[in-house]
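Hi,

Here is the structure I promised to send over. Have a look at it first, then read my notes below.

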Amino acid sequence: MIRINGENLDVDGKSVAEYLNSAGYDQMRVAVELNGDIVPKVQYTDTVFKDGDSVEVVSFVGGG
């Protein structure tokens with residue numbers, strides 16, 4: 001299980017990009033932290049979740 005934003009999800013083996021697409025996130029408007037480290041956007045496709053990972057996905061919202 002992978003803990004994403006406080007919720008345990010069965011996404012072991014999926015890449016960051018696959019998860020973001022399946023969850024409806026716009027990859028250009030989020031930041032992803034994996035086990036305490038920010039994942040560069042260019043690595044979203046190559047970074048694969050492993051059992052026990054802890055992930056935070058933060059969406060950027062514009063406004064004023």
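This is a predicted model: local features need pLDDT of at least 70, side-chain atom pairs count only at pLDDT 80 or more; totals for chains, interfaces and linings use all residues.

**What I found**

Let's start with the strands. S1 (residues 2-4) and S5 (residues 54-59) run parallel and are joined by 2 bridges.

Leu34 is a handy place to look, as its bridge partner in S5 is Val55.

Next, Asn8, which you'll find in strand S2 (residues 7-9). Setting aside neighbours within four places in sequence, Asn8 touches Met1, Ile2 and Arg3. With Arg3 there is also a polar contact, side chain to side chain, at 3.2 Å. Asp53 is 45 residues from Asn8 in sequence, yet their C-alpha atoms are 9.9 Å apart in space.

Last one: Tyr44, in the loop between strand S4 (37-38) and S5. Tyr44 has a relative accessibility of 1%, so it counts as buried. Which residues is it in contact with, leaving aside neighbours within four places in sequence? The list is Ser15, Val16, Ala17, Leu20, Gln27, Val30, Ala31, Val32 and Val39. Take Gln27: it sits 17 residues from Tyr44 in sequence, and 8.7 Å away in space, C-alpha to C-alpha.

Cheers

Key. Residues are numbered from 1 along each chain as its sequence is written. Side-chain values use heavy atoms; hydrogens and water are left out. Helices (H or I, at least four residues) and strands (E, at least two) are DSSP runs, numbered from the N terminus. Contact means heavy atoms within 4.5 Å. A polar contact is a pair of N or O atoms within 3.5 Å; within protein, one must be able to donate a hydrogen and the other to accept it, and residues adjacent in sequence count only if both atoms are side-chain atoms. Two strands pair if DSSP finds at least two bridges between them. Buried means under 20% relative accessible area, exposed over 50%, partly exposed in between (1.4 Å probe, protein chains only).
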